[in-house]
Amino acid sequence: MQVRQNLPLRSLTTFGVAGTSARTLTLERLEQLDALIEALAGSLPFILGGGSNVLFARDLHEPLVLVRLKGRRLLDDGGATILLEVGAGEGWDDTVSYTLSQGWFGLENLSLIPGLAGGAPWQNIGAYGVEAAELIETVQAVHTGTGERRTFSTADCDFGYRSSFFKTADGRRWLITSVRLRLSREPHPRIAYGEIQQELAARAALAAPEVSDESADPTGQPAGSPSPQQVAAAVRSIRRRKLPDPASLGNAGSFFKNPIVSRDDAEPLRVAYPKAPVYPVPDAAHVKLSAAWLIESAGWKGFRDGDAGVSAQHALVLVNHGNATGPQLLALARRIQQSVHDRFGIALEPEPVIVA
Ligand SMILES: Cc1cc2nc3c(=O)[nH]c(=O)nc-3n(C[C@H](O)[C@H](O)[C@H](O)COP(=O)(O)OP(=O)(O)OC[C@H]3O[C@@H](n4cnc5c(N)ncnc54)[C@H](O)[C@@H]3O)c2cc1C
């Protein structure tokens with residue numbers, strides 16, 4: 001197992017903020033787990049995957065563990081579904097592309113989400129009407145204090161909106177080593193999301209002369225229904241249009257969760273701003289508000305203070321224009337929270353992990 005002292009943090013997160021990790025351990029193989037647990041000697045490490053959901057606002061004094069466990073294994077290949085085990089260090093989007101190329105469907109709406117597979121259950125990633133929890137069968141993890149290895153069922157994972165057991169104080173003790181995904185051999189495109197429908201319609205209009213070729217679809221789906229590959233392509237192009245690419249502009253995607261509030265708490269907003277988006281959630285006593293709408297309406301879209309800013313493309317995305325520090329981005333996030341609260345009485349909760 002590789003151990004490095006005083007490693008710069010800048011290239012380890014998509015925000016690209018400076019910082020130093022006092023001691024960094026890189027886990028590449030399961031056989032290194034015992035050595036890792038021994039090296040940690042009971043201390044609570046910070047576990048990092050692709051660094052696309054983290055803001056470091058200080059140097060790391062605790063051990064940093066980089067999870068680089070690779071490998072994909074087909075565990076069950078019978079009938080209408082398959083079970084695929086994915087090492088926590090595999091790229092998430094690579095995994096989506098791989099499964100589509102094999103004719104295993106379900107992940108298409110989660111295309112182009114940065115990060116590694118181990119990060120997916122951690123916050124139950126979701127996009128365009130699908131959450132990872134719907135496809136995850138189990139999560140394999142090791143306790144960083146005791147070395148206990150355990151398989152978590154979806155019930156154990158306690159998935160919720162951008163949340164799971166692994167996000168809790170107890171959960172942070174567990175290092176996810178792999179994720180098992182139950183995928184379908186039958187395409188079941190999930191296209192209820194308006195943006196996907198619009199994108200698919202626009203693509204179909206452009207490709208109109210070729211429609212007859214595509215109707216001879218190898219997946220055998222009904223004519224007119226988009227293939228999972230087409231849904232993935234639509235999601236990719238929407239995301240490329242809407243979200244800044246971390247390779248050219250540091251960011252961690254949506255910086256705030258969409259607030260879920262009681263219907264009573266949403267009522268003053270609804271009355272004062274009839275155009276404010278309000279979405280139903282399974283619990284009928286609550287509704288989901290659009291954090292992007294709240295931030296944009298409070299005037300923050302495109303704002304910049306030095307190198308810390310809010311994307312001009314998407315009000316939910318905080319960006320590092322070059323040399324913003326973690327504390328500067330955090331200060332900006334707090335100003336936005338305060339301003340949205342003062343204006344609309346709604347509390348915004350950050351989505352990325354903030355190490356401050
Ligand atoms: C441009 C952009 C778009 C994004 N879009 C979306 C989106 O649509 N939907 C969405 O849900 N998210 C989105 N994200 C956020 C992010 O990509 C996901 O949350 C991703 O799953 C994080 O994975 P990661 O490997 O980068 O995790 P990291 O950022 O490395 O870690 C995030 C947290 O997970 C924990 N963690 C990571 N790996 C492990 C492991 N193996 N064991 C235990 N704990 C672990 C870390 O300790 C940390 O607390 C976006 C981010 C960016 C930059």
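This is a predicted model: local features need pLDDT of at least 70, side-chain atom pairs count only at pLDDT 80 or more; totals for chains, interfaces and linings use all residues.

Residues are numbered from 1 along each chain as its sequence is written.

The protein is divided into domain 1 (2–67), domain 2 (70–242) and domain 3 (250–355). These bounds come from an automatic or database domain assignment. Over C-alpha atoms, the centres of domain 2 and domain 3 are 26 Å apart.

The largest nonpolar core has 83 residues. Such a core is a set of buried Ala, Val, Leu, Ile, Met, Phe, Trp, Tyr and Cys residues joined through C-beta atoms within 7 Å. Buried means that 20 or more other C-beta atoms lie within 10 Å of the residue's own, with C-beta atoms placed from the backbone. Val65, Val67, Ile176, Val179 and Leu329 have the most contacts inside this core. Its largest share, seven residues, comes from helix α10 (residues 326–344). Helices (H or I, at least four residues) and strands (E, at least two) are DSSP runs, numbered from the N terminus.

Next, the ligand. It is surrounded by 33 residues, and the closest are Gly49, Gly115, Gly118, Gly119 and Gly253. A residue counts as near if its C-beta atom, placed from the backbone, lies within 6 Å. Among the elements that each supply at least two shell residues are β12 (174–184) and β13 (250–254).

Finally, β13. Five of its five residues are buried, so β13 is largely enclosed by the rest of the structure. Three bridges join β13 to antiparallel strand β19 (residues 317–320). Strands pair if DSSP finds at least two bridges between them. Ser254 stands opposite Val317 in β19.

Technical notes: A residue is buried if 20 or more other C-beta atoms lie within 10 Å of its own, exposed if 12 or fewer, and partly exposed in between; C-beta atoms are placed from the backbone.
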